[in-house]
Amino acid sequence: MTITGDYLKRGLQTLCELHPELLGEARGSGLFCAVTAVNMEVRDKLIVMMRNQGVESGGSGSATIRLRPALIFTPKDAEIFLNILHKCVVELEEEGYHTKFGGEWSTTHPSIARKNKFTPIDNKESTAVGHT
């Protein structure tokens with residue numbers, strides 16, 4: 001679980017760096033990981049898009065996507081998930097979501113300082129595993 005969890009978390013962090021206008025902080029412990037979307041609309045759209053591709057995930061708080069995979073989840077499964085999430089985020093960018101919502105971080109999540117990097121959320125929206 002540690003190897004897969006670390007791989008999954010690093011992959012989510014990389015996606016946040018690649019798509020900072022739509023994805024914020026990636027966090028988690030083991031296989032229980034979460035990533036914050038810019039707002040609820042983007043989060044819900046990503047969940048539906050991933051579900052249509054066979055990925056089960058859920059929403060938490062105001063804009064968090066949480067993952068609770070089975071314990072048999074392997075690094076290969078994590079790679080498949082990360083590729084699907086990346087594909088979905090790219091589709092949203094192609095639909096213009098990154099320009100539509102890119103400036104919302106400061107109003108939707110006032111505790112996130114959006115300069116050149118993200119800071120941890122401190123609004124008790126979710127704990128390290130994505131729920132309170």
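Tutor: The charged end of Arg-68 sits over the ring of Phe-32, 4.9 Å from its centre. This is a predicted model: local features need pLDDT of at least 70, side-chain atom pairs count only at pLDDT 80 or more, and totals for chains, interfaces and linings use all residues. Residues are numbered from 1 along each chain as its sequence is written, and side-chain values use heavy atoms, with hydrogens and water left out.

Student: What makes Arg-68 sit over the ring of Phe-32?

Tutor: The rule asks for NZ of Lys or CZ of Arg within 6 Å of the ring centre and within 35 degrees of the ring normal. Arg-68 lies 4.9 Å from the centre of the Phe-32 ring and is listed as sitting over it.

Student: How many helices and strands does the protein chain have?

Tutor: Five helices and four strands. Helices (H or I, at least four residues) and strands (E, at least two) are DSSP runs, numbered from the N terminus.

Student: Why are strand 2 and strand 4 called paired?

Tutor: Pairing takes at least two DSSP bridges. Strand 2 (residues 32-37) and strand 4 (residues 64-67) have four, and they run antiparallel. Within strand 4, Ile-65 stands opposite Val-35. Strand 1 and strand 2 are antiparallel too, over five bridges. There, Leu-23 has Ala-37 as its bridge partner in strand 2.

Student: In what order do the four strands form the open sheet?

Tutor: The order is 1-2-4-3, with antiparallel pairing. Strand 1 (23-29) and strand 3 (58-60) are at the edges with a single partner strand each, so one side of each is left without a neighbour in the sheet.

Student: Why is strand 1 described as largely enclosed?

Tutor: Buried means under 20% relative accessible area, exposed over 50%, partly exposed in between (1.4 Å probe, protein chains only). Six of the seven residues of strand 1 are buried, so the rest of the structure largely encloses it.

Student: How do you know that Thr-36 is buried?

Tutor: Its relative accessibility is 0%, so Thr-36 counts as buried.

Student: What makes the link between Thr-36 and Arg-27 a polar contact?

Tutor: The term needs N or O atoms within 3.5 Å; within protein, one must be able to donate a hydrogen and the other to accept it, and residues adjacent in sequence count only if both atoms are side-chain atoms. The two side chains make their contact at 2.9 Å.
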